[in-house]
Amino acid sequence: MGDTAALLFSVLMDTLGYWWVMIPTIFLGLIVGGIPGFSAANTIIILMPLTLAMDLQMGLVFMVTLYCAARMGAGIPAILVNIPGTAGAAATPLDGYPMTKQGRGQQALSISFVSSAIGGLLTTIIALAAMPLLARVGFYMHAVEMIVVMLFGISLIASIAAQDMIKGLIAGFLGLMIGSIGTDVVYATPRGTMGFLELYDGVPLIPALVGLFAVSEAFIIIEKKVILSKKGQEAMENPSWAATFEGVREALVRWKHIVWTSIIGLVIGVIPGAGASIASFVAYQQSRTFSKTPEKYGTGHIEGLIAPESANNGVTSGTLVPLLVLGIPGGATAAIMLVVMQYHGVSFGPSLFQRQPEVGYGMFMAMAVSYLLMMLTIIPLSRYMSRVTTVPTIYLAPMIISFTLVGAFVPREYMFDMYLALAFGVLGYIARRTGYHVAAILIGVILGPLLETYFLRALKKSEGDITVLFSSTIGNILWVALVVSLILPAVFDRRRKRKELVTP
């Protein structure tokens, strides 16, 4: 025990010695995460020659810090201007942006930063302590279990539909139909591509994301003078440090909420290929299900902002577990880390922590230190970042459209993707104007293709036997949990109405 503590302390001291690398990388990650289309993965690819030229420890510190900072940075435009920087932040605007329009953008950013930092730091510690146990999660989560996990996220459509059942379900099914565009998973037969070769790989996520949220929002806000409501404008006239500290306090008071939603992110992050988008939607859905005030979600509710932000930062430590223990990357960024580590001759597996403890423990220590540094460097910026919302929309809307179209172009470098983002922008604008929820459409676009892939994989293994969906013990437990989470809101709602009738 003493030897392990001494080793961890030594690794911590070594990691702190790279503070001069971490602080600039944090600000780089914030910028990268805040621009739709950019991510830690493609930034590390661009900087690959630099990363390979560094010594192994410095290179890992740089990549891990960039990964964490980009994940946190993706929430900034999601909150301020309704533009998720990545798919992992797609659930953040549901409550973050309404807070901004109410003039509480400063508090929303503080809540987001604190939730992200605590969620990331906590799950890093848990992952380090429970790594052998967490590594086994990937072995037990097969196609059947993943189907149910994704149904948790898709069931969020039903929560959205609760406000207007017909419109909510129409929006969700439209998203699922758009998500099915591309080549068939089994026979590679084109479906709904309308002859466009660019759609054979499916609808690209970033153009759909920025189109439905950012471009459509730009079309909406250009009809106003500023993003803020009248009450919000009054609140933003005299920004103060008090609003930042209020946001920090609001997040810390709800520390239990941060803990359990970040653990959802950690567990889902351990599953290779699951990703932050699934984690954020599942965490938001679970947060709303077990809330005493589910009707407040989508109106600027603090817990609705905490859930996706703590969950998608909980994913970061989860993706490192299968990488280090099994040599299986949990996501795109982890896959690039794998390449860099192989270049330096790192051999993966449980023995890594005996042969090269500075590598295995060092990555988690770098993640923990980066989250601590982010709390000190980023939270004070909330006051200044929130001023973006006071910019007149005559300037802001063209800037949003320009940046998001560039972001749509970056991942695949197709002009087609820019036109596609505009098409999704028009679709999103029409949906907003007619009372349909763009979030329901996006959930279908993101999770629909994944659900189909795992569903067909399960049927292939069982030779077409549909009962395979109920053949797993863990899967059946998850099925029961899914049914319970769908029934509970109705039960809570009925109980609340009874109390209101009894109370004079």
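The following legends describe close-up views of a predicted model.

**View 1. Packing of helix α14 against helix α25.**
Helix α14 spans residues 205-221 and helix α25 spans residues 415-433; their axes lie 7 Å apart and form an angle of about 55°. The two helices, α14 and α25, are therefore oblique to each other. Their crossing, that of α14 and α25, is right-handed. On the α14 side, the contact is made by P207, A208, V210, G211, L212, F213, V215, S216, E217, F219 and I220. Helix α25 contributes D417, L420, A421, L422, F424, G425, V426, L427, G428, Y429, R432 and R433. Sorted by class, the contact of α14 with α25 has 15 nonpolar, four polar and four charged residues.

**View 2. Packing of helix α24 against helix α25.**
Helix α24 comprises residues 393-409, and its axis comes within 7 Å of that of α25, the two crossing at roughly 135°. This angle makes α24 oblique to α25. The crossing of α24 and α25 is right-handed. Residues L405, A408 and F409 of α24 meet M415, D417, M418, A421 and L422 of α25. The contact of α24 with α25 has seven nonpolar residues, no polar residues and one charged residue.

**View 3. Packing of helix α7 against helix α8.**
Helix α7 (residues 93-101) and helix α8 (residues 105-129) have axes 7 Å apart and pack at an angle of about 150°. Because angles over 145 degrees count as roughly antiparallel, α7 and α8 are assigned to that class. The contact joins G96, M99 and T100 of α7 to G105, A108 and I111 of α8. By class, the residues of the contact of α7 with α8 divide into three nonpolar, three polar and no charged.

Residue L121 is placed in helix α8. Apart from its neighbours within four places in sequence, L121 is in contact with A368, Y371 and L372. The C-alpha atoms of L121 and S310 are separated by 10.0 Å, while the two residues are 189 residues apart along the chain.

**View 4. The second largest pocket and its lining.**
The second largest pocket holds about 650 Å³ of space. Its lining consists of 28 residues, of which G298, R432, Y436, H437 and V438 lie nearest the centre of the pocket. Two or more lining residues come from each of α7, α12 (156-161), α13 (165-179), α14, α18 (275-289) and α26 (438-461). The largest share of the lining, five residues, is supplied by α7. By class, the lining of the second largest pocket divides into 13 nonpolar, eight polar and seven charged residues. This view connects with two of the packing views: α7 and α14 are among the elements of the pocket lining, α7 also packs against α8, and α14 also packs against α25.

Methods:
Residues are numbered from 1 along each chain as its sequence is written. This is a predicted model: local features need pLDDT of at least 70, side-chain atom pairs count only at pLDDT 80 or more; totals for chains, interfaces and linings use all residues. Side-chain values use heavy atoms; hydrogens and water are left out. Axes are lines fitted to C-alpha atoms, for helices over the stretch in contact, and angles run from 0 to 180 degrees between N-to-C directions. Helices (H or I, at least four residues) and strands (E, at least two) are DSSP runs, numbered from the N terminus. Angles under 35 degrees count as roughly parallel, over 145 as roughly antiparallel, 65 to 115 as roughly perpendicular and the rest as oblique. A crossing is left-handed if the near helix is turned anticlockwise from the far one by less than a right angle, and right-handed if clockwise. Contact means heavy atoms within 4.5 Å. Ala, Val, Leu, Ile, Met, Phe, Trp, Tyr, Cys and Pro count as nonpolar, Asp, Glu, Lys and Arg as charged, and the others, Gly among them, as polar. On a 1 Å grid over the protein atoms alone, a cavity is a set of points where a 1.4 Å probe fits but cannot get out, and a pocket is an open set with protein on both sides within 12 Å along at least five of seven lines; lining residues have an atom within 4 Å of a point. Grid points are joined across faces, edges and corners, and a volume is the space filled by probe spheres set on the points.
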